[in-house]
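I opened my notebook to record, entry by entry, what I looked up in this structure.

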Amino acid sequence: MKKEILEWGKAIIIALIIAFFLRTFVFATSIVEGASMDPTLEDGERVIFNKIVYFVNEPDRGEIVIISRETKNYVKRVIGKPNDTVEYKNDTLFINGKAYEEDYLSESLQHETEAFGPVEVPEGKYFVMGDNRSISKDSRNGLGLIDADDIIGRSEFIIFPFDHISMTR
């Protein structure tokens, strides 16, 4: 009986260590606050984000990332990478002078995006925007250009509410 309790104790401790390691270094959760990523992500949804992906790779254009700031985390989409020039005019996003199709946005959301730029993104920085451009606090109006070190992960899955479970795109 004592041996069995010891075995169970070891198994529980190992499981807790593995869970702690995964939560600290690999995956974590974040709650979407506000409507700046509507309709892709809605207020109150809980997402799982991958913390290890950017140790190996750099954020890519179009990815939904978690940005760490002193007071809170932000969920935004990467638009401009280091050394890009980003501009929005005539309902079209231009990156380095070429039109970029934003297939994750509806036509009405594209029309609601106000013209800006051109903005040159320096080395080590990223230009991010929310999908609901008319109300999003992002690189255009408050967050500024994002330091690479402030991007702490890539959104992978919506896990709550349960009827919204899906991969983020």
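I began with burial and noted that 37% of the 169 residues of the protein chain count as buried, where buried means under 20% relative accessible area, exposed over 50% and partly exposed in between, with a 1.4 Å probe and protein chains only. I kept in mind that this is a predicted model, in which local features need pLDDT of at least 70, side-chain atom pairs count only at pLDDT 80 or more, and totals for chains, interfaces and linings use all residues. Residues are numbered from 1 along each chain as its sequence is written, and side-chain values use heavy atoms, with hydrogens and water left out.

Next I looked up the secondary structure, which comes to 3 helices and 12 strands; these are DSSP runs numbered from the N terminus, helices being H or I of at least four residues and strands E of at least two.

Which residues make up the largest nonpolar core? I found 12 in all, including Ile79, Val86, Leu93, Phe116 and Phe127, a nonpolar core being a set of buried Ala, Val, Leu, Ile, Met, Phe, Trp, Tyr and Cys residues joined through side-chain atoms within 4.5 Å. Strand E5 (85–89), strand E6 (92–95) and strand E9 (125–129) each supply at least two residues of this core. Apart from it I noted another core of 11 residues, among them Tyr54, Val65, Ile67 and Val78.

I then followed Val86, which, leaving aside residues up to four places away in sequence, touches Ile79, Leu93, Phe116, Val121 and Phe127, among others, contact meaning heavy atoms within 4.5 Å.
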